[in-house]
Amino acid sequence: MADGTPKTTAACRSVVVHGFTNSVLDPDAPMLGPLENGGTIIANTAPGCWGPMITPSLRGGHEVTQPVAVAGAEPGDAVAIRIRDITVTSIATASGHDSSPEGFCLGDPYVAARCPTCDRVWPETHVEGIGQDAVKCDGCGNPMTPFRIVHGYTVTFDETRAVGLTLPQPAAEKIAHAADHYAALPDESRQHSILVYAPSDMPGALVRMRPFLGQLGTCPSKAMPDSHNAGDFGAFLVGAPHAYAITAEELAQHKTDGHMDIDAVRPGAILVCPVKVPGAGIYMGDMHAGQGDGEIAGHTMDVAGSVTLQVELVKDYPIDGPVLFPLVEDLPPLARPFTTEEKAKGARLAAQWGVERLEEVAPVSVIGTAANLNDAIANGLERAAKLLGLSVPEIRNRATINGAIEIGRAPGVIQVTFLAPLDRLDAVGLGGYAREQYNL
């Protein structure tokens with residue numbers, strides 16, 4: 001495998017990212033950087049999901065940023081990413097629950113869109129007018145609709161980006177005629193804005209904005225569509241009839257679970273990501289204006305935005321998936337750090353019953369992914385056990401009495417969140433992040 005890291009050896013203190021992939025994360029493609037340990041990445045991200053989904057020339061469900069190499073990062077390491085800022089720049093977006101019409105893909109509409117009229121895979125397209133037939137094949141001029149919105153909405157945001165409001169049909173159509181402007185598509189983005197569809201099935205709904213990154217991670221060690229860099233969506237690649245088909249073993253080996261759709265991946269959180277290629281290749285995208293756990297409609301409010309990250313190298317990382325240190329307010333109630341009053345009561349119990357000391361513990365959230373939620377939970381439990389050098393039954397107990405299983409995305413992304421022994425986190429180089437995040 002070729003090394004995709006830059007030829008220069010001079011590490012940068014900061015890297016500004018303008019470009020995007022063609023929706024494929026390729027370890028052989030050039031990376032930006034390298035970024036020095038402790039350096040900063042600043043990026044302008046493009047909307048994920050619906051825009052790329054109606055842009056057949058893109059070969060995945062999202063349009064993520066060009067990966068950035070981190071100096072000194074090698075397979076078996078990790079990168080700790082402090083999310084400093086996420087700011088929504090879109091004025092409006094559209095979304096909804098989808099269907100996939102027959103004939104418009106080669107096995108997977110996210111990965112291999114196909115024109116059923118001229119039989120081109122990944123055809124170039126253009127927009128004519130508005131509505132769900134507005135995207136046309138350049139070759140034959142017929143509508144190119146690998147996805148349709150079954151029930152959807154157009155939503156615009158207030159100036160402070162605190163709330164949004166879904167719009168009636170006349171307003172949605174007005175926005176559709178200037179879709180790129182209202183979407184604030186970055187200059188190098190190639191997607192058609194979903195705003196051209198002008199859905200308006202749910203007008204007058206007020207929504208809260210709570211932006212986060214649906215995609216944040218490191219480059220997989222085999223080329224794969226960006227939206228499929230996770231155990232659930234990645235399962236669609238197994239035995240697929242298109243060029244990105246892989247085996248189940250290859251998926252487990254190469255993916256890095258960068259596509260999580262976990263709403264706690266937001267400003268103030270610390271995300272630790274596994275490194276599987278030289279340089280790590282940090283990428284991001286699929287910013288959401290807000291989302292309930294599970295993303296049960298299949299999609300949410302995808303927006304463009306600006307992102308600032310600060311990155312540190314963690315050597316000798318023991319697991320193959322991400323670990324998250326969420327904000328305190330994003331932790332399940334039982335997984336929050338104990339208060340001074342609670343610790344005092346615990347100390348009195350310990351003295352009464354001859355317990356020499358209370359455990360020092362800290363919150364941690366270990367990500368699990370798989371084709372379904374049950375298997376994703378098993379994956380998360382196994383990763384947590386391996387991370388801390390404990391048994392799976394012990395992790396089950398700790399997550400039950402001092403934590404929770406949280407759903408990031410249906411069908412198969414979860415968080416095993418619990419209070420972990422701090423000395424075990426110290427042993428794998430993560431204790432300092434827990435102390436920083438929770439003032440321990």
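Leaving aside its neighbours within four places in sequence, which residues is Thr-166 in contact with? The first view below answers this. This is a predicted model, in which local features need pLDDT of at least 70, side-chain atom pairs count only at pLDDT 80 or more, and totals for chains, interfaces and linings use all residues. Residues are numbered from 1 along each chain as its sequence is written, and side-chain values use heavy atoms, with hydrogens and water left out.

**View 1. Thr-166 and its surroundings.** Beyond four places in sequence, Thr-166 is in contact (heavy atoms within 4.5 Å) with Tyr-153, Thr-154, Val-155, Met-202, Pro-203, Gly-204 and Ala-205. Thr-166 sits in strand β10 (residues 163–166); strands (E, at least two residues) and helices (H or I, at least four) are DSSP runs, numbered from the N terminus. With a relative accessible area of 3%, Thr-166 is buried; buried means under 20%, exposed over 50% and partly exposed in between (1.4 Å probe, protein chains only). Look for the Thr-166 side chain reaching the backbone oxygen of Met-202 at 2.5 Å. A polar atom of that Thr-166 side chain also lies 2.7 Å from the backbone nitrogen of Ala-205.

**View 2. Trp-50 and its aromatic partners.** The structure holds six aromatic pairs (ring centres of Phe, Tyr and Trp, the last by its six-membered ring, within 6.5 Å; planes under 30 degrees apart are stacked, over 60 edge-to-face, the rest tilted). Trp-50 and Phe-147 have ring centres 6.2 Å apart and planes at 80 degrees, so this pair is edge-to-face. Because Trp-50 lies in helix α1 (residues 50–53) and Phe-147 in the loop between β8 (135–137) and β9 (148–157), the pair ties together parts 97 residues apart in sequence. For Trp-50 and Tyr-197, the centres are 6.4 Å apart and the planes at 55 degrees, so the pair is tilted. Tyr-197 belongs to the loop between α3 (179–183) and β11 (206–208), 147 residues from Trp-50. Trp-50 and Phe-147 are both buried, and Tyr-197 is buried too. One aromatic cluster is formed by Trp-50, Tyr-110, Phe-147, Tyr-197, Phe-233 and Phe-236.

**View 3. Leu-216 in the largest nonpolar core.** This core has 41 residues, of which Ile-41, Val-79, Leu-216 and Leu-309 touch the most other members (a nonpolar core is a set of buried Ala, Val, Leu, Ile, Met, Phe, Trp, Tyr and Cys residues joined through side-chain atoms within 4.5 Å). Strand β5 (residues 78–88) gives the most to this core, with five residues. Among the contacts of Leu-216 beyond four places in sequence are Ile-81, Ile-83, Met-260, Cys-273 and Leu-309.

Methods:
Polar contact = N/O pair within 3.5 Å; in protein donor to acceptor, adjacent residues only side chain to side chain.
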